[in-house]
Amino acid sequence: MGDLIRKFGRKCFSISGIIRCRVGRRSTFDPTGLRLRTRWSADGGGGGRGEEGAYSNPVDALQEYVEVPLLGANETAFRPSVEEIRAADDAFRRLPVDAVTGVVNVQDLQAPSVPEVCFIGSSNVGKSSLIKALVADRKGVKIWISKTPGRTTTLNFYNFGKVLTLVDVPGYGDNMPENYVQSVESYLRTRKNLVRTFLLIDGAAGIKDVDKIGIEMMEEFGKPYVTVMTKIDKASHHQVLQNLLCVKQYRNDKMPSAFEQVFLVSAHHGFGIALLQAFIMYVTGNATVSPRI
């Protein structure tokens, strides 16, 4: 099958082997007559919580639709084995968690003693839901998820034992708090033990103008960050694939400080959570994987 020219907004892609693509906003074209899965399954097909699916990468469920690798051989990738993901996931889930919430000024905190990772994104990207999935409903730890965007207005720290800390920061866009610059930007600029920032993009909607706020901010700071596409269960495989290709193209053009691999997750169904936990354990120095990164 020859190259199919896919147009996303103003950008065009020549991808050999895509078996279905959207033409315009409403119609679809299927050049082979084959049908893609309309939704992510709870088995291995969508990175679900079965024995194999629990430790799979949701990107693998999309690879069958393209002949070219979704992560090229010249790109850096995090490719742990199933055993390594399982071990990191088990270690992550055994860690006790306590929360320090309501922080506005980083200066009010004690000097950091463990590596930190933080999560940023627009106000309705599913940030708190992802944090809750990572915390895994540990006893005594409450994470309130509101249907109203922008309810997180302060920095919230979740300490995993004495080995790492997850930081949930207010979202940008709708209902962005007035102290955003004082609180979030100050934290991102000055926190010395911040080893990685995870920038969240809605996997069902793709990159929107509001997402460029976070991207431009991270590029201005020059700090390493990782792109995570959330809510993949809210869209079909082909929609997520299209959005992933757009994110990859935008990364190549506008995101030189971003890690080359894009993580796909569903906080609701658990797709991709174990892999993301393993990556967090790895970048904070709490897990060892074979040299595939």
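Start by selecting Lys231 and Asp202: their side chains meet in a salt bridge, 3.9 Å from N to O. Lys231 sits in the loop between strand 10 (225-230) and helix 6 (237-254), while Asp202 belongs to strand 9, so this pair ties together parts that are 29 residues apart in sequence. Keep in mind as you click around that this is a predicted model.

Now color the two by accessibility. Lys231, at 26% relative accessibility, counts as partly exposed. Asp202 comes in at 11%, so Asp202 counts as buried, the cut-off for that being under 20%.

Next, pick Arg191 and Glu116. Here the side chains form a salt bridge with an N to O distance of 2.8 Å. Arg191 is in the loop between helix 4 (180-190) and strand 9 (194-202), and Glu116 is in strand 6 (residues 116-121), so the contact links parts 75 residues apart in sequence. Buried or exposed, what is Arg191? Arg191 counts as buried, with 9% relative accessibility. Glu116 is buried too, at 3%.

Last stop: select Asp168 and Lys127. Their closest N and O atoms are 2.9 Å apart, and the two form a salt bridge. Asp168 lies in strand 8 (residues 164-168) and Lys127 in helix 3 (residues 127-135), so this pair ties together parts that are 41 residues apart in sequence. Show the surface here if you like: Asp168 and Lys127 are both buried.

Key: Residues numbered from 1 in each chain as written. Predicted model: local features only at pLDDT ≥ 70, side-chain atom pairs only at ≥ 80, totals over all residues. Heavy atoms only, no water. Salt bridge = Lys/Arg side-chain N within 4 Å of Asp/Glu carboxyl O. Helix = DSSP H or I, 4+ residues; strand = E, 2+ residues; numbered from the N terminus. Buried < 20%, exposed > 50% of the residue type's maximum accessible area, 1.4 Å probe, protein only.
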